[in-house]
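This report covers one protein chain. Please load the sequence and the model before reading on.

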Amino acid sequence: MCDPGDVTRGPAPSLALAPPAPLLRGFRVILASASPRRREIFGLTTAQAVTTHQAPTGPCPTPQGVSFEVIPPAFEESLSKAALPRAQDYARETARGKALEVAARVFQDDPETPYVVIGADTVVAVDGLILEKPADQEDAVRMLRRLSGKEHGVITGVAIVVRRHGAGPTQEVLAFHEETRVTFSPLSDDLVREDKAGAYALQARGAVLAERVCGDVLNVVGFPLNRVCRELTRLLLGPGQEVTSAGMGSDVNRRSDITAGRGDVGDRT
């Protein structure tokens, strides 16, 4: 049985989930990620995507929804695990760094257009350790052996950066995380080595390894779409609506000056 208390589901809904496309119209929408899986999942809410390493012209509304740009972040993922020992904090802060780095570039290129920038980072937590994307095949083998027969957490941190029309250099930053509990069957050495190229791809061969999944499956793939849409609804439904800490799994809403450094974005609540 999947105990709902075992997973981070985020705040209890206070607003009905709204269609994302109308909320995002009028904004330049950017996915700060190089992941094709995140692009595919986020694309379920929108019409099309334009991949770029530079900031091009803003998205244009279409009859089906709102187009979005994909700008891979240049943020160096080297945060200290000693300073951020909780996987939830580590994933949120990495996602925040990605989103803020891309937002700074977008603002510099086009300081007039309102934007929504979304960054994400996914880690696996087991036995008190934070496991990231394997560096190579042998690292993938070690990771799968550590996860064999165990329940572990898959945590995706997400940061949404919003600059509204007429806000000047002021932007809002909302960061949160979603956690899904996954149990792997005991894995034979042959299976581990056969699957090492994917390491942890639940939507592909990784689905063979998972005996039980408790929580959002898309979160395991790397993008908790339902939670992102819920947070976008809360953040964008009312212009200037104040968003505060939303309980378990949520960080805070911060107002920051784009010209400030990444860490100079206010205090936590």
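## Contacts of N226

Leaving out residues up to four places away in sequence, N226 touches L17 and D216. A contact here means heavy atoms within 4.5 Å. N226 and L17 sit 209 residues apart in sequence, yet their C-alpha atoms are 9.0 Å apart in space. N226 belongs to helix 8. Its relative accessible area is 38%, so N226 counts as partly exposed. The classes are buried under 20% relative accessible area, exposed over 50% and partly exposed in between, with a 1.4 Å probe and protein chains only.

## Basis of the model

This is a predicted model, in which local features need pLDDT of at least 70 and side-chain atom pairs count only at pLDDT 80 or more, while totals for chains, interfaces and linings use all residues. Residues are numbered from 1 along each chain as its sequence is written, and side-chain values use heavy atoms, with hydrogens and water left out.

## Overall picture

The chain has eight helices and nine strands. These are DSSP runs numbered from the N terminus: helices are H or I with at least four residues, strands are E with at least two. The chain has 269 residues, and 52% of them count as buried.

Take the contacts in the chain with a separation of 6 or more: 73% of them join residues 24 or more positions apart. The accessible surface is about 12,200 Å², and carbon and sulfur atoms hold 53% of that. Areas come from the Shrake-Rupley method with a 1.4 Å probe; for residues, only the protein chains shown count as cover.

Strand 1 spans residues 28-32, and five of its five residues are buried. Both faces are covered. R28, I30 and A32 point to one side, V29 and L31 to the other.

Which strands pair with strand 1? Strand 4 (residues 115-126) runs parallel to strand 1 and is joined to it by five bridges. There, L31 has I118 as its bridge partner. Strand 3 (residues 68-70) also runs parallel to strand 1, with two bridges. In strand 3, E69 is the bridge partner of I30. Pairing requires that DSSP finds at least two bridges between the strands.

## Helix 8

Helix 8 covers residues 225-236. From first to last C-alpha, its twelve residues reach 16 Å, close to the 16 Å expected at 1.5 Å a residue. The expected span is 1.5 Å times one less than the number of residues. Eleven of the twelve residues are buried. Among them are L225, V228, C229 and L232.

E231 and R234 meet at 2.7 Å, N to O. They are three residues apart in helix 8, so about one helical turn separates them. E231 is buried at 1% relative accessibility. R234 is buried too, at 15%.

## Other salt bridges

The structure holds 17 salt bridges. Each is a side-chain nitrogen of Lys or Arg within 4 Å of a carboxyl oxygen of Asp or Glu. R28 and D110 form one of them, at 3.5 Å from N to O. This pair links distant parts of the chain: R28 is in strand 1, while D110 is in the loop between helix 3 (87-109) and strand 4, 82 residues apart. Both R28 and D110 are buried.

R181 pairs with E179, with the closest N and O atoms 2.9 Å apart. R181 is buried at a relative accessible area of 18%, and E179 is buried at 9%. A network of salt bridges links E151, E179, R181 and R212.

## Aromatic pairs

How many aromatic pairs does the structure hold? It holds two. Rings of Phe, Tyr and Trp (its six-membered ring) pair if their centres lie within 6.5 Å; planes under 30 degrees apart count as stacked, over 60 as edge-to-face and the rest as tilted. The rings of F42 and F68 have centres 4.9 Å apart and planes at 75 degrees, so the pair is edge-to-face. F42 is in helix 2 (residues 36-42) and F68 in strand 3, so the pair ties together parts 26 residues apart in sequence.

F42 and F223 are also edge-to-face, because their planes stand at 65 degrees, with centres 5.8 Å apart. F223 lies in the loop between helix 7 (217-221) and helix 8, so its pair with F42 in helix 2 ties together parts 181 residues apart in sequence. F42 is buried at 1% relative accessible area, and F223 is buried at 0%. F42, F68 and F223 form one aromatic cluster.

## Backbone at D127

D127 lies in the loop between strand 4 and strand 5 (129-131). Its phi is near 55 degrees, a positive value in a residue other than glycine. Most residues other than glycine have a negative phi.
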